[in-house]
Amino acid sequence: MSRLVVVSNRVADPRKVAAGGLAVALAETLNETGGLWFGWSGNIVEGGTPGEGELHTQQAGPATLATVDLSREDHDSYYQGYSNGVLWPVFHYRVDLADFDAGYIAGYRRVNQMFARKLLPLLKDSDTIWVHDYHLIPLAAELRAMGCRQKIGFFLHTPLPPPLLLATIPQQDWLMRALFAYDLVGFQSEVDLSHFARYVETEAGAQPLDRHRFRAFGSTLEARAFPIGIDVDEFAALTHAQEARDTYASTREEYKRRRLLMGVDRLDYSKGIPHRVRAFRELLAQYPENRHSATLIQIASPSRESVDAYADIRRELEHLCGSINGDYGDLDWMPVRYIHRTIARKRLPGLYRATQVGLVTPLRDGMNLVAKEFIVAQDPADPGVLVLSRFAGAAERLKEALLVNPYDTHGTAQVIQQALQMPREERQQRHQKLLQRVRDEDVHWWRRSFLQALAAAGG
Ligand code: ADP
């Protein structure tokens, strides 16, 4: 088995379960192959030289972690500027929020070049390299230019928008050309893959060789959808552990006979949180029986607060929640509990399980893992209902959820009402199918599928 080299913007210690996400997904293969995980250290060096950063290496069991510091200038242009101020909004269809003119591209190129330069001497000929996400699209092209011949795969955790939206990025041609330095490119959904296929045809003037193989810019690559999952066994174990049980009991005690609706997100404009809160207001207006008897808990963890669009969404949400509580609240009932905080991971399943209606209603999302966590945390005998945006990647496979268009406030309120009234038997049937799907396509299945396809690609 070839050694796995993972490259992502941030690196986490795969021995720590609290690291969550990618660390849990990759730990097994990193450990088995004595792998290497490379990325930014999280350190910002004030006054540091752009394009330079100290390399730190440390052992994490059988795996090695290698991280590089970023100068302030590189951080502000590569990370905050181009990655989170241009690519993130455009990839989530928010061209209106993208800051195209600030010259961030130079920093984005510079940091990708530096990563390639620092990584190259650490590589062995037989390595398999797996690069993650929009921060690092040009990394393979930079490595190839320095002579790297190893297999390199790329997975995009965000959506890929349709060609004409991609075309708004001034450097779109360069970016998409850079993708062709990879042997395999993975997307979250079939929709993202279809956008890529159309891009290749309409903008790069190339024909697909077949449904999954594309030739353009003198190279051939394979592209497929690999919907990411969660570690179902780990999350099920968390659900049954003491901390989650305590949280479940105290939440039920606090809200007594009230029905709970819950949203858990990073405070990001892609998550559709204000739209969700407006749908809840519509529910109270249209179906007055829910007044006093239903409470929306919205937990939104602080995120990217120095980017303007994030400060704006925070203000909008505070205003909205305040006005609903003022208009509808009573001495003994607060309609919306808005909590601007990160909840300890061990408590989350208890909250999900205490909830009658899980609201996962992003305007656009690559996958959305909260939807999958919510399903795993439910009591199969009396499960809550998942209301899921059709614009989340998760909706492609989770058809037994109640799908909504989050832009349609009235329609979403109707579906929430349907969820609140759903008979137990129907809830059980839907939950059983959803849980099976989340189990079948868990994070280990995702990792294995991608790495098998990468091993076979181009051979
Ligand atoms: P994204 O990666 O865009 O933030 P996902 O839904 O794919 O969205 O993943 C979010 C992860 O972060 C999930 O594991 C979820 O449990 C966790 N999370 C999100 N918001 C919070 C919060 N407020 N408190 C604790 N954990 C959170």
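The following questions and answers concern a predicted model of one chain.

Student: How many helices and strands are there in the chain, and what is the radius of gyration?
Tutor: The chain holds 16 helices and 15 strands. Its C-alpha atoms fill a box of roughly 65 × 45 × 45 Å along the principal axes. For 459 residues, a compact globule would have a radius of gyration near 23 Å, and the chain agrees with this, at 23 Å.

Student: What percentage of the contacts in the chain with a separation of 6 or more is made by residues 24 or more positions apart?
Tutor: Buried residues make up 48% of the 459 residues. Among contacts with a separation of 6 or more, the part that comes from residues 24 or more positions apart is 76%.

Student: Which strands are at the edges of the open sheet of six strands?
Tutor: The order in this sheet is β12-β11-β10-β13-β14-β15, and the pairing is parallel. An edge strand pairs on one side only, and this holds for β12 (336-339) and β15 (402-404).

Student: Which residue in β11 stands opposite Val 264?
Tutor: β10 and β11 run parallel and are joined by eight bridges. Opposite Val 264, the residue in β11 is Ile 299.

Student: Which elements give two or more residues to the shell around the ligand?
Tutor: The ligand is surrounded by 15 residues, of which the closest are Arg 266, Ser 301, Thr 342, Ile 343 and Leu 369. Two or more residues each come from β10 (259-266), β11 (294-301) and α13 (369-377).

Student: How many residues of the shell around the ligand are charged?
Tutor: The shell contains eight nonpolar residues and four polar ones. The number of charged residues is three.

Student: Does β3 lie buried or in the open, and why?
Tutor: β3 pairs with β4 in the antiparallel sense over six bridges, and Leu 55 stands opposite Val 68 in β4. Of the six residues of β3, zero are buried, so this strand lies largely in the open.

Student: Which residue in the hairpin of β3 and β4 takes a positive phi?
Tutor: This hairpin has two residues between the strands. The residue with a positive phi, near 65 degrees, is Gly 61.

Student: Is Pro 62 buried or exposed?
Tutor: Pro 62 is in the loop between β3 (55-60) and β4 (63-71). Leaving out residues up to four places away in sequence, Pro 62 touches Asn 31 and Gly 34. Pro 62 has 12, so it counts as exposed.

Student: How far apart in space are Pro 62 and Ser 323?
Tutor: In sequence, Pro 62 and Ser 323 are separated by 261 residues. In space, from C-alpha to C-alpha, they are apart by 54 Å.

Student: What positive phi does His 292 have?
Tutor: His 292 is in the loop between α10 (273-286) and β11. With 15 C-beta neighbours inside 10 Å, His 292 counts as partly exposed. Although His 292 is not a glycine, its phi is positive, at about 70 degrees.

Student: Where is Arg 304 found?
Tutor: Arg 304 is not a glycine, yet has a positive phi of about 40 degrees. It counts as partly exposed, with 17 C-beta neighbours inside 10 Å. Arg 304 is in the loop between β11 and α11 (308-328).

Definitions and conventions. Residues numbered from 1 in each chain as written. Predicted model: local features only at pLDDT ≥ 70, side-chain atom pairs only at ≥ 80, totals over all residues. Near = placed C-beta within 6 Å. Helix = DSSP H or I, 4+ residues; strand = E, 2+ residues; numbered from the N terminus. Nonpolar A, V, L, I, M, F, W, Y, C, P; charged D, E, K, R; others polar. Buried ≥ 20, exposed ≤ 12 C-beta atoms within 10 Å, placed from the backbone. Contact = placed C-beta atoms within 7 Å. Pairing = 2+ DSSP bridges. Rg over C-alpha atoms; globule rule 2.2 N^0.38 Å.
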